[in-house]
Amino acid sequence: MPHLLIHRSTITLPCFIAHSTPSCSRLASVGLRRPAQNRLISTATCVGDGNAANRTIICMANPRRVKMVAKQIRRELSDMLLTDKVLQYAVLPEAALGADRYLSSLTTISDVEVSADLQVVKVYVSVFGDERGKEVALAGLKSKAKYVRSELGKRMKLRLTPEIRFLEDESLERGSRVIAILDRIKDENERKVTKDQVYDSGEFADGSNDNVEWEGDDLDDEGIIYVK
Amino acid sequence: MAKAIPRTGSRRNVRIGSRKSARRIPKGVIHVQASFNNTIVTVTDVRGRVVSWSSAGTCGFKGTRRGTPFAAQTAASNAIRTVVDQGMQRAEVMIKGPGLGRDAALRAIRRSGILLTFVRDVTPMPHNGCRPPKKRRV
């Protein structure tokens, strides 16, 4: 069987252990402690140089498989956020009191990045709500990281359940702010155009979007400073 | 037209349905169904009668781009545009499903100037009913 062959070769190479590239050292240490990480080796493309001086063996999973795993993890985690009681209480503490139909903050998983060796998963979480809600949600998720990892292991069939890290995703907010500013600029331009037309025609017309946009102006003025 | 004898089986009296009268609805409900591949935004009144709807697919996006948050934003602003002119000020939002459209559509609604009264999550949850589809093997 192919993977057994490679396993034997990693142990018998004396100079392999001396090299300290992160993937290789992990592989070496794991290979010595317990039987081979079959998943890593059998599905991987092992690149071994012939030189005795520098032997770098990089065992990574197929990139297509990485994408599939990422997509599946995303589905499972979103499902867990929707259905799992423990996670919901962690994200939104008032759900424990029964106020789960009327939400103060909404947590969404916007992106999942899996490392090439399927060991580390970075989950980008976007929270809709005020500042306190965001902190509470993210802190709750981070505290439940181990629980989420065990649940994911139960739901998905993977050799090694990856380590899960939750990160805050600000891209949706930033995009929303940018679009708000662009909308405002567009409305200002339209207003200028209509004003010019009005002066030409000599009538006095009322601005159509005044009532909607004025409150947005005060908030977005602060937003302009923060947009990088 | 001369009044003809109504024959059974022919749709003489065609039901006009709800005429496009400008119903002044100050308060409405916005339903956002956000799946992984698409987002559908429906605006109804408090009783549930649909006023207008839009989705990422009808906004011109096709394929994988329908699932993106930007598509959800355009769908939401499209659906709300007709209603804002009719004078809707407050809205309750009901969100269904996982997907990026949840967040993006909410932000778009808030940006448009409509006051969000409540945000509810109405994802259908069986009390262990139908058997779910088989697990995907990765």
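This is a predicted model: local features need pLDDT of at least 70, side-chain atom pairs count only at pLDDT 80 or more; totals for chains, interfaces and linings use all residues.
I started with A:Arg155, which comes out partly exposed at a relative accessible area of 22%.

Next I looked up what A:Arg155 pairs with. Its side chain meets that of A:Glu76 in a salt bridge, 3.6 Å from N to O. I checked where the two sit: A:Glu76 is in helix H4 (residues 63-83) of chain A and A:Arg155 is in helix H7 (residues 145-155), so the pair links distant parts of the chain, 79 residues apart. A:Glu76 is buried, with a relative accessible area of 11%.

Then I asked which other residues join in. A:Glu76 and A:Arg155 belong to a network of salt bridges that also takes in A:Asp79, A:Glu151 and A:Lys154.

I followed the A:Lys154 part of that. A:Lys154 forms a salt bridge with A:Glu151, and their closest N and O atoms are 3.6 Å apart. Both lie in helix H7 of chain A, 3 residues apart, about one turn of the helix. Buried or exposed? I got 61% relative accessible area for A:Lys154, which counts as exposed because it is over 50%. A:Glu151 has 13%, so it is buried, being under 20%.

Over to chain B. I found B:Glu92 in a salt bridge with B:Arg120, with 3.3 Å between the closest N and O atoms. This pair also links distant parts of its chain: B:Glu92 is in strand E4 (residues 90-96) and B:Arg120 in strand E5 (residues 115-121), 28 residues apart. B:Glu92 is buried, at 12% relative accessible area.

Last, the tally: I have 11 salt bridges over all chains.

How values were computed: Residues are numbered from 1 along each chain as its sequence is written. Chains are lettered from A and ligands numbered from 1 in the order in which they are written. Side-chain values use heavy atoms; hydrogens and water are left out. A salt bridge is a side-chain nitrogen of Lys or Arg within 4 Å of a carboxyl oxygen of Asp or Glu. Helices (H or I, at least four residues) and strands (E, at least two) are DSSP runs, numbered from the N terminus. Buried means under 20% relative accessible area, exposed over 50%, partly exposed in between (1.4 Å probe, protein chains only).
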